[in-house]
Amino acid sequence: MTDTDETRSPEARAAAIADALPRQIARAQALPGYAALCDADAGGVTDRAALARQPVLRKADLVAAQKAAPPFGGLAGPATDFTHVFQSPGPIYEPGRIDGDWFRLGRFLRACGIGADDLVQNCFGYHLTPAGMMFESGARAVGARVLPAGTGQTELQAQAAADLGVTAYAGTPDFLKAILEKADAMGLGLGIGKAAVSGGALFPSLRQFYADRGIDCRQCYATADLGLIAYESDAMEGMIVDEGVIVEIVTPGTGDPVDDGDVGEVVVTTLNPDYPLIRFATGDLSAVLPGVSPCGRTNMRIKGWMGRADQTAKVKGMFVRPEQVAALVARHPEVARARVTVTRRDEADAMAVALETDAPGDLAGYEASVREVLKLRGTVSVLAPGSLSRDGKVIDDQRTYEG
């Protein structure tokens with residue numbers, strides 16, 4: 001089942017963004033925490049190109065802001081404006097509401113075929129972190145009933161699923177397997193036919209395990225800060241971006257969008273008026289999947305989770321971070337890309353820096369920049385444009401710590 005927003009034409013979606021984005025930027029600018037984080041004229045940010053000129057907001061920025069101005073760092077209204085306050089590792093505190101599908105998980109559950117006839121065994125955590133409430137809010141939005149099961153206690157979970165006639169599961173990908181196997185050991189027959197999973201990798205072998213038992217398992221990509229970002233449909237081709245966010249894929253350590261198909265960091269702008277996060281860096285890697293989903297949903301698709309963008313490496317006792325590599329490239333306008341490769345040589349760390357440029361350049365100057373920006377010496381090589389793989393890596397740590 002789709003809604004009208006999901007099947008809009010590209011022109012209609014672009015027009016909607018052009019209307020909503022300036023208002024969202026203006027909301028952010030009106031919050032005290034955004035004074036140094038959002039520097040554009042609100043009325044001029046009407047498309048992705050203008051959005052890409054805004055600074056990137058990182059989790060470290062949230063932590064620092066919240067320490068200075070608890071609980072939300074001046075990036076949302078007071079806690080009294082919300083029904084819930086959650087805590088995630090960091091710690092980071094997130095606002096939330098239980099009503100109105102505030103986290104937008106209802107769209108994903110509808111795509112899973114979950115509705116008013118279902119009883120959802122919600123095995124996401126309800127303590128401190130928001131995942132349990134996120135999926136409960138989504139279940140309410142589609143009219144489903146909820147068994148707030150939480151985590152652990154597989155024997156009780158299996159018994160409850162059998163006694164109550166649970167038809168759908170929400171939780172991490174692997175916990176459902178534990179419940180099913182416990183039910184088998186107890187001689188219980190379960191009627192679960194749908195599974196909405198997130199918070200971990202759904203490996204093909206695990207999806208097949210569920211399919212062999214008649215369970216249609218689909219996954220979504222969501223975070224505590226942003227709610228739903230992208231989700232699978234019955235087409236099973238990548239993940240479709242939610243209508244309540246704008247997703248960019250950028251070079252790690254920068255805010256520069258990569259070409260479609262190239263791997264980069266997922267940066268998200270939410271259109272939620274209560275919590276206007278602008279260009280929030282998730283730290284996750286993905287890539288745009290070209291084309292339109294066969295299911296009829298027309299929004300951008302991404303390939304799903306492809307690793308972490310935080311490629312920080314410790315070399316000779318010094319940290320090298322993606323932001324430093326971006327600063328190295330920024331020093332030399334003729335350089336398009338850079339990659340730092342870290343290895344071991346003669347029982348010592350070794351660092352090599354590859355630079356993509358179509359200009360001869362000054363190798364000695366590049367070496368000096370490496371020393372100044374990365375605070376380390378390393379061998380520098382100059383490569384032709386297109387030589388470096390478009391896999392999202394700017395720091396490639398090839399050292400092994402086993403054997």
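A residue is called buried when its relative accessible area is under 20%, exposed over 50% and partly exposed in between (1.4 Å probe, protein chains only). Keep that in mind as we tour this predicted model, where local features need pLDDT of at least 70, side-chain atom pairs count only at pLDDT 80 or more, and totals for chains, interfaces and linings use all residues. Residues are numbered from 1 along each chain as its sequence is written, and side-chain values use heavy atoms, leaving out hydrogens and water.

**Strand β10**

- Strands are DSSP runs of E with at least two residues, numbered from the N terminus.
- Six of the six residues of β10 (residues 245–250) are buried, so the rest of the structure largely encloses this strand.
- Val245, Val247 and Ile249 point one way from β10, while Ile246, Glu248 and Val250 point the other way.
- With strand β11 (residues 264–270), β10 pairs in the antiparallel sense over six bridges; pairing requires at least two bridges found by DSSP.

**Asparagine 299**

- You will find asparagine 299 in the loop between β13 (288–289) and β14 (301–302).
- Asparagine 299 counts as buried because its relative accessibility is 8%.
- Its side chain reaches the backbone oxygen of valine 241 at 3.1 Å.

**The two domains**

- An automatic or database assignment gives domain 1 (10–308) and domain 2 (313–397).
- Their centres, taken over C-alpha atoms, are 34 Å apart.
- Glutamate 323 and arginine 58 meet through their side chains in a salt bridge (3.8 Å, N to O), meaning a side-chain nitrogen of Lys or Arg within 4 Å of a carboxyl oxygen of Asp or Glu.

Notes: Helix = DSSP H or I, 4+ residues; strand = E, 2+ residues; numbered from the N terminus. Polar contact = N/O pair within 3.5 Å; in protein donor to acceptor, adjacent residues only side chain to side chain.
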